[in-house]
Amino acid sequence: MAVPRQLPNAITVARILCAPIFLWMLLADGGADGALRWWAAVLFIVAIATDGIDGYIARRYKIVTDLGKLLDPIADKVLTGFAFIGLSILAELPWWITIVVLIREIGITIHRLVVASDHVVAAVWMGKLKTVAQAVALSLALLPLASVVGDWIVWANIVTMWIAVILTIASGIDYVVTEIRGARRSRTDRT
């Protein structure tokens, strides 16, 4: 079966385009636990799930591209960043968490774009684990489950959010250390 070469990148771009629609749906009725909140949560979950789908297709059919390696983590950051911002606007998540996450995500994205002409920095296992943790924590925060299953879900979300924040910081440190080591090796190899 022939798969169009640009299919994974098209899925990634669709994830980016879903982000503002998701944010609008989340904020449109002030974050009330009505239909828009549920649809916003479903759109977020479906969009973030495409992260695994586009990567699987690219690897399975050997159509991994440098553009895909660059866009894929940006798409994740745009979608999760909008979710963190939306939850903070609704006062459902402290702003300090959103700021810490955004500093890490924006800093690494800028670095990726700066070094893109030299080399493409693909996502590594810790960054992928961070994205999964963020996806789980944000999904729990977005779904108005407390009214359905009880307040214990709030505590589950607090725990998952802390795990996501810790992994966000740890993966950011890992990224910086890896890039510094790579730059040192590159300088050593040139001399």
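**Ground rules**

I'm working from a prediction, where local features need pLDDT of at least 70 and side-chain atom pairs count only at pLDDT 80 or more, while totals for chains, interfaces and linings use all residues. Residues are numbered from 1 along each chain as its sequence is written, and side-chain values use heavy atoms, with hydrogens and water left out.

**Entry 1: helix α4**

Helix α4 has 21 residues and reaches 30 Å from first C-alpha to last. That is close to the 30 Å expected at 1.5 Å a residue (the expected span is 1.5 Å times one less than the number of residues).

Which residues of α4 are buried? I found Ile 97, Thr 98, Val 101, Arg 104, Glu 105, Ile 108, Thr 109, Arg 112 and Val 115 (buried is under 20% relative accessible area, exposed over 50%, partly exposed in between, with a 1.4 Å probe and protein chains only). They cover an arc of only 160 degrees around the axis, which puts them on the same side of α4 (the arc is that of the directions from the helix axis to the C-beta atoms). An α-helix has 3.6 residues a turn, so residues three or four places apart point the same way. On the other side of α4, Ile 103 and Val 114 are exposed. The buried residues pack against α3 (66-89), α5 (125-142) and α7 (152-190) (contact means heavy atoms within 4.5 Å).

**Entry 2: helix α2**

Next I looked at α2, which has 26 residues. Its end-to-end C-alpha reach is 37 Å, close to the expected 38 Å. Where does α2 bend? I get a bend of about 25 degrees at Asp 51 (the angle between axes fitted to the seven residues ending there and the seven starting there). Asp 51 is also among the buried residues of α2, and so are Arg 37, Phe 44 and Asp 54. The cover over the buried residues of α2 includes α1, α3 and α5. Just after α2, I noted that Lys 62 takes a positive phi of about 55 degrees.

**Entry 3: salt bridges**

How many salt bridges are there in the whole structure? My search finds nine (each one a side-chain nitrogen of Lys or Arg within 4 Å of a carboxyl oxygen of Asp or Glu).

- Arg 15 pairs with Asp 76, closest N and O atoms 3.1 Å apart. This links distant parts of the chain, helix α1 (residues 7-28) and helix α3, 61 residues apart. Arg 15 is buried at 1% relative accessible area, and Asp 76 is buried at 6%.
- Glu 92 pairs with Arg 37 at 2.7 Å. Glu 92 lies in the loop between α3 and α4 and Arg 37 in helix α2 (residues 35-60), so the pair ties together parts 55 residues apart in sequence. Glu 92 is partly exposed at 40%, whereas Arg 37 is buried at 2%.
- Lys 69 meets Asp 66 at 4.0 Å, N to O. Both lie in helix α3, three residues apart, about one turn. Lys 69 is partly exposed at 33%, and Asp 66 is partly exposed at 48%.

**Entry 4: the network**

I also found Arg 15, Asp 51, Asp 54, Asp 72 and Asp 76 linked in a network of salt bridges. Thr 12 is buried, with a relative accessible area of 2%.

Conventions. Helix = DSSP H or I, 4+ residues; strand = E, 2+ residues; numbered from the N terminus.
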